[in-house]
Amino acid sequence: RDDDDINDVTSMAGVNLNEESARIMATNSDLVGTQIQSCKDEPFLAAVPLQKRILEMAKKLGITDVPAEVVTFISHATQNRLRTVIEKVTVITQHRMESYKDDEWYEQATDVRSQLKFFEQLERLEKQRKDEQEREILLKAAKSRSRQEDPEQARLKQKAKEMQQQELAQMRQRDANLTALAAIGPRKKRKLDSPGLLSAGGEGLGVSGGGQAGLGNPSSRQYARQKITRVNLRDFIFYMEQERETSHSLLLYRALLK
């Protein structure tokens, strides 16, 4: 019913929809397939040095004239290539930094760090036991009052005396540090100038005043920390090994030698 009403209105007005559509398409036919840019097409690389470099390479092939469109095209191609490389290397870096400890399918087989800590603790306990034994031997040698002493006994006494002096110096140094800390007093917390950091501590951090009264509100200003992806040489080497164009390039071998 609605279509019949529309047909009636157009026929009463003397308008043919098919003719109007064909006329619109014929009028705008020159715009079909074209791209209109409202901003200036600026090249990614500097035009003068790039054109000079292209001319140097073209002269070897017998070409003396390079149009400006070629320079612009090469500049855009370089920008696109660089964007692709950065995107792929960023994905590789994110995969390297990804942690699977929170994954439900992750099952830890070995923990080398805990094993190393355990062995370090064993070595520390063994060293402490040997130090205690040596200390007892030296103390016994220092307390002995035999008149006929051999050179080994005299050496042990001298070593015990040096050990006691070293322990006494360490105790004095520790007491001096404690006295200095007590004289300085408790450490004061550093005041933060950033409003976002001021409000991050909770209540009671608001600054009283007319223009600064809103700094203590945690929801008033929140400064989001930007996540930075740091790409190292190993990630770039992995990328070059996977790419067909760079898997056997001289640049890859130079990177492997660094």
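Helix axes are here lines fitted to C-alpha atoms over the stretch in contact, and the angles between N-to-C directions run from 0 to 180 degrees. By this convention, the axes of helix α3 (residues 47-59) and α4 come within 10 Å and cross at roughly 105°. Because angles of 65 to 115 degrees count as roughly perpendicular (under 35 is roughly parallel, over 145 roughly antiparallel, the rest oblique), α3 is roughly perpendicular to α4. The contact, defined by heavy atoms within 4.5 Å, brings Ala47, Leu50, Gln51 and Ile54 of α3 to Val71, Ile74 and Ser75 of α4. By class, 5 of the residues in this contact are nonpolar, 2 are polar and none is charged. In that classification Ala, Val, Leu, Ile, Met, Phe, Trp, Tyr, Cys and Pro are nonpolar, Asp, Glu, Lys and Arg are charged, and the others, Gly among them, are polar.

The model is predicted: local features need pLDDT of at least 70, side-chain atom pairs count only at pLDDT 80 or more, and totals for chains, interfaces and linings use all residues. Residues are numbered from 1 along each chain as its sequence is written, and side-chain values use heavy atoms, with hydrogens and water left out.

The protein has 9 helices and 0 strands, where helices (H or I, at least four residues) and strands (E, at least two) are DSSP runs numbered from the N terminus. Of its 258 residues, 12% are buried, that is, under 20% relative accessible area, with exposed meaning over 50% and partly exposed the range in between (1.4 Å probe, protein chains only). The protein exposes about 23,500 Å², of which carbon and sulfur atoms supply 54%; these areas come from the Shrake-Rupley method with a 1.4 Å probe. Among contacts with a separation of 6 or more, 48% join residues 24 or more positions apart.

In soluble globular proteins, nonpolar side chains tend to be buried together. Here the largest nonpolar core has 8 residues: Val85, Val89, Ile92, Ile237, Tyr239, Met240, Leu252 and Ala255. Two or more of them come from each of α4 (68-97), α8 (233-242) and α9 (250-257). Such a core is a set of buried Ala, Val, Leu, Ile, Met, Phe, Trp, Tyr and Cys residues joined through side-chain atoms within 4.5 Å.

Helix α8 has Asp235, Ile237, Tyr239 and Met240 as its buried residues, and these pack against α4 and α9. Leaving aside residues up to four places away in sequence, Tyr239 touches Arg81, Val85, Lys88, Val89, Ile92 and Thr246. Thr246 lies in the loop between α8 and α9 and is buried, with a relative accessible area of 15%. Under the same exclusion of residues up to four places away, Thr246 touches Tyr239, Met240 and Leu252.

In helix α9 lies Tyr253, which counts as partly exposed because its relative accessibility is 43%. Tyr253 and Ile237 are 16 residues apart in sequence, with a C-alpha to C-alpha distance of 9.2 Å.

Another buried position is Leu156, in helix α6 (residues 151-184), with a relative accessible area of 16%. Not counting residues up to four places away in sequence, Leu156 touches Leu138 and Ala141. The C-alpha atoms of Leu156 and Ile137 are separated by 8.2 Å, the two residues being 19 residues apart along the chain.
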